[in-house]
Amino acid sequence: MGGAAEPVLAGRRIVLGVSGGIAAYKAVELCRRLVDAGAHVVPVLTEDAQRFVGALTFSALASEPARTDLFSGATGGDPIPHTRLGQGADLVIVAPATAKTLGKYAAGISDDLLCATLLATRAPVLVAPAMHTEMWEHPAVQDNLATLRRRGVHVVDPESGHLAGGDEGEGRLAAPERIFDVAVAVLAQGHDLAGVRVLVTAGGTREAIDPVRFVGNRSSGKMGYAVAEVAARRGAAVTLVTTQGRPVSSAIEVVRVTTAEDMHREVVARFPETDVVVMAAAVADFRPKVVAAEKLKKHDGVPEIVLEPTPDILAALGERKVAQLLVGFAAETERVRERAAEKLARKRVDLMVANDVSEPGAGFEVDTNRAVLVDSSGAEEDTPLLTKMALAGVIWDRVAERLGRAETREHP
Ligand code: CTP
């Protein structure tokens with residue numbers, strides 16, 4: 001498909017990372033194809049890559065001069081190239097990805113411009129490893145790749161064939177046209193929610209006892225923020241109704257709330273103009289019946305706090321829904337599937353994301369989650385332990401299918 005404009009790539013900003021292996025010469029061909037197809041390509045070369053191919057070769061073909069130095073600002077260039085490159089990218093490709101670069105990326109080591117850019121970006125990342133067979137098969141390399149896959153990194157596996165030094169075997173960089181096709185698939189995936197109006201709730205609600213105390217819960221809001229971020233990245237118009245003040249992409253409309261009542265009001269008001277609601281918030285089920293106007297004082301004795309139920313937002317949406325899709329969460333400590341299926345039916349939910357919060361690595365205040373997805377057709381899907389961002393990706397894959405948005409595409 002060399003030379004043909006590719007609508008998915010037109011105008012998209014791609015950082016093409018090149019690390020040091022003989023296959024670096026094939027990245028020149030990949031760079032040319034991406035530019036020909038209309039992408040804006042910025043090559044980033046490691047020091048070792050420049051032993052194989054000169055930066056000038058890439059600069060001549062790419063949309064911007066090749067970048068090689070994390071500290072180029074010291075000589076008058078861009079003072080923080082890695083954040084600019086990382087934040088501005090729609091996709092980061094690393095081809096070839098050596099064992100060293102994969103290891104540094106998996107371990108979070110940012111000692112060169114490429115690795116710093118990989119850590120600074122929230123764009124999808126695609127790595128195409130290339131190395132000798134013995135290195136490719138080494139458990140250290142395979143463990144690092146498993147870590148990266150779990151974090152949602154796309155991997156284009158190497159092929160079998162001729163390797164440097166006359167050897168043969170698995171480890172040869174995938175063909176540039178294959179890496180190109182996977183890049184197109186990843187970016188196409190990035191837009192499968194274009195035009196979908198999404199409302200996500202996040203965080204735990206706080207129900208006042210008096211002006212300084214509240215009834216609350218341990219929800220950090222991380223799951224809801226991940227769901228909102230991923231939807232925005234995939235092209236949805238996202239409103240986030242949240243009790244938390246975390247930083248979030250500027251593309252997301254944020255509505256701050258405190259109580260279940262506030263959240264109920266804001267969500268119900270927006271529901272008619274919404275296509276998908278994801279209720280990731282931990283809404284308090286009960287609130288104090290009476291809120292003391294003044295701070296309760298110790299010397300008045302131990303207060304007796306009478307609780308009353310809060311509105312069930314998800315159930316209210318279930319009653320009102322016309323064509324909207326509803327996604328609910330269920331935090332359980334036992335009989336996870338059964339309880340999730342029961343909640344799904346009772347609240348008229350389309351997809352329930354249930355997790356066992358008694359399990360380590362799942363639930364509150366952690367970056368990972370393992371879930372069972374139960375849908376209204378009765379289908380169940382167990383996910384492995386995933387980052388919350390990766391789990392959000394799985395949730396949106398299922399929603400996109402329900403909306404008829406899922407393209408027949410390669411899952412790298
Ligand atoms: N939820 C809601 N409004 C509430 C309580 C919960 O919208 N007042 C939503 C949550 O955001 C979540 C789902 O309902 O998506 C499941 O919440 P959960 O508290 O587990 O369900 P409950 O119906 O409260 O069931 P139980 O108390 O039996 O666990």
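**View 1. Separation of the two domains.** The centres of domain 1 and domain 2, taken over C-alpha atoms, are 36 Å apart. Domain 1 covers 5-190 and domain 2 covers 192-408 of the protein chain, with bounds from an automatic or database domain assignment. The model is predicted, so local features need pLDDT of at least 70 and side-chain atom pairs count only at pLDDT 80 or more, while totals for chains, interfaces and linings use all residues. Residues are numbered from 1 along each chain as its sequence is written, and side-chain values use heavy atoms, without hydrogens and water.

**View 2. The interface of domain 1 and domain 2.** In domain 1, 9 residues are in contact (heavy atoms within 4.5 Å) with 11 residues of domain 2. About 760 Å² is buried between the two domains, 42% of it from carbon and sulfur atoms; buried area is the accessible area (1.4 Å probe) that two parts lose on being put together, summed over both.

**View 3. The salt bridge across the interface.** The rule finds 1 salt bridge between domain 1 and domain 2, defined as a side-chain nitrogen of Lys or Arg within 4 Å of a carboxyl oxygen of Asp or Glu. R122 forms a salt bridge with E229, and their closest N and O atoms are 3.4 Å apart.
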